Amino acid sequence: MNHGDDCCTAAEDGAQSDQQQPLILERVEEEKAKSWQSVVSHCLNKHCLCTPKKAKSKLLGFVPILKWLPRYQLREWLLGDVMSGLIVGILLVPQSIAYSLLASQDPIYGLYTSFFSSIIYALLGTSRHISVGIFGVLCLLVGQVVDRELALAGYLTESAILNSSNSTVLLAGQGNGSVGVGCDRSCYAITVGATVTFTAGVYQVLMGIFQVGFVSVYLSDSLLSGFATGASLTILTSQFKYLLGLKIPRPQGWFTLFKTWYSLLTNLSHTNICDLVTSLVCLLILIPTKELNNRFKAKLKAPIPFELFVVVIATVASHFGSFNSDYGSGVAGDIPTGFLPPQLPMWTLIPNIAVDAFSIAIVGFAITVSLSEMFAKKHGYTVDANQELYAIGFCNILPSFFRCFTTSAALTKTLVKESTGCQTQISGLVSALVLLLVLLVIAPLFYSLQKCVLAVIILVNLRGALRKFTDIPDMWRVNRVDTSIWLITMATSALVNTELGLLVGVLVSALCVLGRTQRAQVLELGRATTRDHYDDLLSYRGLRTHPGVAVFRYEAPIYYANQSLFKKSLYRCVGLDPVKEKTRLMKFKRKNKQQGEVARVPHINSGDTEGAGKEDGFEAGATVTSMLDNKSSRSLRSLVIDCSAILFLDTAGVNALKEVLKDYEELGIKVVLARCNISVLDALERGGYYPIKKGCDGGENKIMFFTIADAVRYVQSLSANGDYDSKC
């Protein structure tokens, strides 16, 4: 052997000896805890101290348009923004009028809502692409509150007004006197809607002030999708009365879907043939043309506004055909031009609608943030969830003074906006200009527009949400838990109550996360033949175990809800329940003592609580054997618990590990932990897992193993020296 070979051999021996040494890392010393005075002083300086630089940063952060507008690329972006703004503005005209039906409002208020929200979000929003305005689900929620408050205030239903004499209508317009003589049914309806909108906006701004934008992460995509689909079924059902020309009130409370269908079927004989024919013709036109738009959207520079064409043609036909006077068809009615003077919300109404406004605020924020983040990720920029709260909050607060109702981002219009070349929120300002033109000049021309046409527009726009039902098989194959959340949320929203569906979805999602930690099992690990890698014995072939040493892993945090399940799973996987074993040994000792024999406790290496024999089967000097894999028995002397998958421990989790350590070591089985993260180590330290025994330095009790291999070699060395169960 030459000198080079000697060097190689020495290097290999050195590497092998280094590999046998346990990995030791030195913790960085934690900073000393600061006094509360210094903490308070630091917070005050951080949040209350105002400098010119900080004031500028806060202003630019609160009004993001001031940050990106000076860097606006006129040549590259202007054409796309103008085109998308014009197209979305044209689409907003019929949709704003149509969705006013859902919110139980006159058409003009839908136009107001889309106009103001487009301007405010362009100033305050951080997303470049989303279109903020009327959203069907929120309109439905607002409409339910409005109808309930109208009934409580003593106003007649719409059908009763239409079928009553003029004197009755005038009396009904005054309600029960709580609103005032000058406020009719329509006035009170928008007052309720504006108050709900104001309250929801206040909730959203408060959430932004307290920096709770992170709550959006708790609303999963499956939850929001299921909620939107369930609400879409309710919206679909609510529009059938307009398709058939029926004058029936909107039911209140739970199970509105069933109540609505019952009312529709019982009043089917009163169907207005004119409305029915018009609805069928519009459906036959809009459904194929919308499909053509979707099929050729890659080739079309902009979607063709078939909705607007249908609205114009239907309005002209209704006007010259006298559908309202001759056939009793319901029409949009008078749509005034200009703007009404601002008015304050009805403060006395806020306690009645506070809970409803909170659920509306959560839904609006969740939809807006999820769409913002989706399109921001697609186009490579970031959005601020807390700033989105401010933006959508002020999109509700400020317009509420001008008789608007709740807004949020809308997926359909956002997709149109993005596909037509939108680059910034300048497109939102262009859409607002289109709506302004309608509000000042064109709005009165829609007087004869039939409500059934508006209902058809709503139904056609629900196609995307209803297509989700065809995706259920694929969703089930991908993830059954998410699909179950979707189905439960959808069914509750549609069949029971819309707001309750959101709450049930959140609770089911939380229970599913909790259930996953409850279902976690202890896995026995084996070592790969060529490397110090340990993995589940049941999942991979070729893994081997160590004589007398068993390695286990628990793939969940250990906390109060699953600490008992952790212990049961560990005992079952080990094949030895130390509590039962100690009880059996105590009975064995008492039996020997009663028989007058010298109590000689056998040395227990391991035990199988089921396979060790019956109580009377113990004999002095007997050895209990554990069947770890039900295939071969081996004498167990040490347990290594891989803690890499344990994210955290609470007090109950630390106590569970302490009980495992104490119970097994009383039977002579050494228990060590490996691969603990820092939070777990700190929890163990604070919880007293490593006690300092009298007469010892406590060093052995505080040994931390950063690899499973180090832990295995350590317990094997104790076994070889015969001191694995020694005590100080």
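Helix α11 contributes the most to the lining of the largest cavity, with 6 residues. The structure is a predicted model, in which local features require pLDDT of at least 70 and side-chain atom pairs count only at pLDDT 80 or more, while totals for chains, interfaces and linings use all residues. Residues are numbered from 1 along each chain as its sequence is written, and side-chain values use heavy atoms, with hydrogens and water left out. Helices (H or I, at least four residues) and strands (E, at least two) are DSSP runs numbered from the N terminus.

In total, 3 cavities of 30 Å³ or more are present. A cavity is a set of points, on a 1 Å grid over the protein atoms alone, where a 1.4 Å probe fits but cannot get out, and lining residues have an atom within 4 Å of a point. Grid points are joined across faces, edges and corners, and a volume is the space filled by probe spheres set on the points.

Two or more lining residues come from each of α7 (136-152), α11 (221-244) and α12 (256-266). By class, this lining holds 6 nonpolar, 7 polar and 2 charged residues (Ala, Val, Leu, Ile, Met, Phe, Trp, Tyr, Cys and Pro count as nonpolar, Asp, Glu, Lys and Arg as charged, and the others, Gly among them, as polar).

The second largest cavity has about 60 Å³ of space. Among the residues that line the second largest cavity are S117, S118, Y121, K417, G428 and S431. Helices α6 (107-124) and α19 (426-442) are the elements that give two or more residues to this lining, and α6 gives the most, with 3 residues. The lining of the second largest cavity divides into 4 nonpolar, 6 polar and 1 charged residues.

Strand β7 (residues 670-674) is largely enclosed by the rest of the structure, because 5 of its 5 residues are buried (under 20% relative accessible area with a 1.4 Å probe, protein chains only). In a regular strand, side chains alternate between the two faces of the sheet. In β7, K670, V672 and A674 are buried on one side, and V671 and L673 are buried on the other.

Strand β6 (residues 638-642) runs parallel to β7 and is joined to it by 5 bridges; pairing requires at least two DSSP bridges between two strands. V640 has V672 of β7 as its bridge partner. Together with helix α27 (residues 651-666), β6 and β7 make a right-handed β-α-β unit. Right-handed here denotes a path from the first strand over the helix to the second that runs clockwise with the strands pointing away from the viewer.

Technical notes: 1 Å grid on protein atoms, 1.4 Å probe; cavity = no way out; pocket = protein on both sides within 12 Å on 5 of 7 lines; lining within 4 Å. Buried < 20%, exposed > 50% of the residue type's maximum accessible area, 1.4 Å probe, protein only.
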